Structures are given as structure tokens and as C-alpha cells.
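Subject: Model handover and findings

Hello,

Here is the model for your files. Please open it first, then read the notes below.

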Amino acid sequence: MTIGNSLRQTSIVWIAAAALLAASSAARAHGRAVNNPGLADILQDPQQGRDANQEEARLEQEQEKRDREQEARDRAQEKIDRLQELYDEGRENLDEDRYDRAAAKFQQLAEANGPQTDAALYWKAYAENKLGKRDTALATMADLKRRFPQSRWQKDASALEIEVKQSTGQAVKPADQSDEELKMLAIQGLMNSDSARAMPLLEKVLNGSASPKEKSKALFVLAQSGSPQAREILGKIARGQSNPELQRKAVEYLGLFGGAEARKTLAEVYASSGDASVKQAILRSYMIGGDHERLFAAAKSEKDESLRREAIRQLGLVHGTSELEQLYRTETSPEVRREILQAFFLAGDSGRLVQAAQSEKDPELRRAAIRNLGLIHSDDSGKALQEIYSKETDHAVKAEVLNSYFLQGNAKALVAIARSEKDPELKKTAVSKLSLMNSKEGTDYLMELLQK
């Protein structure tokens, strides 16, 4: 047989198979109509049919509306992510003394008119000053002051403006940054021997126009000291007496080094702050400090759903499984319950995921529990999936188990199902998963299929 004839023959086989599948579907639909009086009545009664069509159309419209709303939320989040990526790239360029690239990134960010525009203008002016473009830097700072008179970057901009105006006009070279680093090393040494003299110097760095890297180092030195005076300075910055970037850094260091008193300060900041990004940073600091109690309180009572979800995730990371179980029992929102299931995975708690996978009434949540089981690579999760698959009658749930086996890399289980499964669609799904896995057991089975 020629290649052309072979291809035609293969095409005929596929066309015939498609026709058989279509005929089988039509026969099954007819059989359901005959065996289901309700469906037969609809087919015979035009008015009932129209009512059913209208209801179906209404449901489709509602689903389309939900889909559009979700797409709008996704687009908004994508824009936020793009702007944050620009900001992070600009900051990275500053740390690496690539001021021309940093200025370009912050120019892009400023033109986007997003929530970080005032920060972008400050760092753009900072980079321009480092490049020796003093007039441009002053113009950028004037733009910042005009457009954002209430910005928390105003204090930093004023300090930078004084530095620019006092400069000699000579271009500052990137190599000059070593002076800042030497100063910080000297301050750190002084902190170890005479912290009372070092504190004002650190505050001067934090309130001046030092680079972001040097300010972060100054905060780190303060946080490491653990003294009441250092904690007081960090607390002031965490309460918002500086720019938002330093505030979040102070929150992070309070959680990392501060102990019980620092976490008390963080709780006060959390209660008084209206900035979601600061509150999110505090929740992460609670996680670093292992503060189950405050994370649990936020997960229960926080009105902002995104912050509730963040608290739940952090509870998972600190292995707060008893708190998560309490939340799961009382929570009514499917979205939040799904987040709790994800947190059980983060905590490595396969037992509670197994319970949800076996007994949860909501099919979407059952599937979410099964997916998370697939992400836990253990004998217990593998056995649980096997038991669920053997007892399950819901096609979608069984397909989710197959996907979980794939996530586990469990080729042995997929081969066993592919050999024994009577449902052709599920068998096909198992085989397709095996075809994507680099597994000897799976490859051997695929070769066996091809040789039949």
C-alpha cells in the first residue's frame, strides 16, 4: 500500500469512528428521552420546550456575565502584576548601579499612571541624579511634588532635592557607591560597640537620600540589635512615618527579629492601617514569627476577602491545621473553603484533604481536595486516590483523580486504570496523561497498546 493510500485509509477509519461516536451519542440522547418522561414531555409540548430554552438561555447569560466579570478582574490583576514587575526591575537596576536602565523603567511606570506613580517619580529622580542629570532630576521631583502633594515619598524627595542643589555639578560615578557601603560597615561596627552613638547615624541614613539598598541595610542593622530604641524606630516606620517601601521592610524585620513585643506593635499597625499591602506584609510577618493566634483572628474576622485568603494561606504555612479545620467547618463561602483546602496542602495535611475528598457535598470542592491530594507525594495520598476512584460514580470526579495521579507522577496507578477501565473516555484520559509522562512503566504500556 502506498503512503497516500495509507493516509486515506487512516482518514477513513477516523471518519468512521467519528460517525459511530455521533450515532452513539444520538442513540443515547433518544434513549434518555424515551426513558425519561419529563424529557419526552418537553419534546412533545412546544410550550414546555420554549420555557426550558428560555431558562437555559437565562442560565447561559448569567454564566456569561460571571465570565465577563472574572475576565475584567483577571485583566485588572494582570495590569497590577505588570506594574509591579516594572517597579521590581527598576529597583533591581538601582541595586546594580545601572541607573540609565532604572530611569527608563521608572519612566515607563510613571507614564502608566498606576498606584506606584509617586514612587516611580522619586526613584526616577534618584537615578537621574546618579547619572549627573541634576536639572532633569529637579524637574522630576517638582512633578512629584505638584502631582502628589500628600505622597509619603515627599520627605524622601525633599532630602534628595537638598542633596542635588548642594552638589558641585560633577557627574556622580557608580563606583562612588563604595563610600556608602563603607559608611554602613562603619555604622554597623559602631552599633556593636556603642549603639547610642550609632542610632542617630542610622536614622540619618533612613531619613536621607541614601540608596534603597543602603536604607534596607540600615533597617536590618536596627532590627538585629533588638534594643528597645531600635524597636521604637522600627515601630515608627512600620506605622507609616516613612515611605511605603520602607514601611513594608520594617514590618518584615519586626516579624523576623522582634519577638512578642514587635508582634504586638504589628497588631496595632494592622488594626489602624487601611493599606492592604501593609496588612498583607504584616500577615506574612505573623507567619515568620509563628503567630497562629493573630493569623487565626484575621482569617475569621477580616472583612477584605483577599486579606482573609492571605491569612488562611499563612496559617497553612505555619501548620495551623486545627485552626484551619475550625474555619472549614464554619465557613459558607465556597471560594474561601477552596482556599482552606489549599492551605491544608501547604500544611502537608493529607488526612484532612482525604476527608474532604470523600465526604464533601460540593462537587467543585471535592475536586479541589482531590487536586491538592495530587500535589502531595505520599503513599497515603496515593491510596486515598485509589479508594476514591474505585468507589466513585461521578465522571468528572474520576477524571480529577486521573489528573491527580498525573500531578503525582504516579504512572503505575494510571497504567492500572488504563488496563481495567471500561469507560472509553476515562481510559483515553488515562492514556493521554501517560503519554505526557517520562516514565518507563508508562512508555512500556503505550508500546503494548501500539503493538495490539
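**Overall picture**

The chain has an accessible surface of about 25,300 Å², and 52% of that belongs to carbon and sulfur atoms. Accessible areas come from the Shrake-Rupley method with a 1.4 Å probe; for residues, only the protein chains shown count as cover. This is a predicted model: local features need pLDDT of at least 70, side-chain atom pairs count only at pLDDT 80 or more, and totals for chains, interfaces and linings use all residues. Residues are numbered from 1 along each chain as its sequence is written, and side-chain values use heavy atoms, with hydrogens and water left out.

The chain has 25 helices and zero strands. Both are DSSP runs numbered from the N terminus: helices are H or I with at least four residues, strands are E with at least two. Of the 452 residues, 40% count as buried. Buried means under 20% relative accessible area, exposed over 50%, and partly exposed in between (1.4 Å probe, protein chains only). Among contacts with a separation of 6 or more, 55% are between residues 24 or more positions apart. Contact means heavy atoms within 4.5 Å.

**Salt bridges**

The whole structure holds 30 salt bridges. The criterion is a side-chain nitrogen of Lys or Arg within 4 Å of a carboxyl oxygen of Asp or Glu.

Start with Glu339, in helix H18 (residues 334–346). Glu339 is buried, at 12% relative accessible area. Beyond residues up to four places away in sequence, Glu339 touches Arg309, Ile312 and Arg313. With Arg313, Glu339 forms a salt bridge, the closest N and O atoms being 3.2 Å apart. Arg313 sits in helix H16 (residues 305–317) and Glu339 in H18, so the pair ties together parts 26 residues apart in sequence. Arg313 is partly exposed, at 28%. A network of salt bridges links Arg284, Glu310, Arg313 and Glu339.

Next, Glu325 and Arg352. Their side chains meet in a salt bridge at 2.8 Å, N to O. Glu325 lies in helix H17 (residues 321–330) and Arg352 in helix H19 (residues 350–359), so this pair ties together parts 27 residues apart in sequence. Glu325 is partly exposed at 24% relative accessibility. Arg352 is also partly exposed, at 22%.

Then Arg337 and Glu360, whose side chains meet in a salt bridge at 3.5 Å, N to O. The pair links distant parts of the chain, 23 residues apart: Arg337 is in H18, and Glu360 is in the loop between H19 and helix H20 (363–374). Arg337 counts as buried at 16% relative accessibility. Glu360 is buried too, at 13%.

**Helix packing**

Two packed helices are described by the angle between their axes and the distance between the axes. How do H19 and H21 pack? H19 and helix H21 (residues 379–391) pack at an angle of about 5°, with their axes 10 Å apart. Axes are lines fitted to C-alpha atoms, for helices over the stretch in contact, and angles run from 0 to 180 degrees between N-to-C directions. H19 and H21 are therefore roughly parallel to each other, a term for angles under 35 degrees.

In this contact, Ser350, Val354, Ala357 and Gln358 of H19 meet Asp380, Ala384, Glu387 and Ile388 of H21. The residues divide into four nonpolar, two polar and two charged. Here Ala, Val, Leu, Ile, Met, Phe, Trp, Tyr, Cys and Pro count as nonpolar, Asp, Glu, Lys and Arg as charged, and the others, Gly among them, as polar.

H21 turns up again around helix H23 (residues 411–420). In H23, Ala411, Ala413, Leu414, Val415, Ile417 and Ala418 are buried. Their cover includes H21, helix H22 (395–408), helix H24 (424–435) and helix H25 (440–450).

**Single residues**

Lys145 is in helix H6 (residues 134–147). Lys145 is partly exposed, at 29% relative accessibility. Leaving aside neighbours within four places in sequence, Lys145 is in contact with Gln154, Ser158 and Glu161.

Asn113 has a positive phi, near 55°, and is not a glycine. Asn113 lies in the loop between helix H4 (99–111) and helix H5 (117–130), and counts as exposed at 52% relative accessibility. His319, not a glycine either, has a positive phi of about 60°. His319 is placed in the loop between H16 and H17.

Best wishes

How values were computed:
Parallel < 35°, antiparallel > 145°, perpendicular 65-115°, else oblique.
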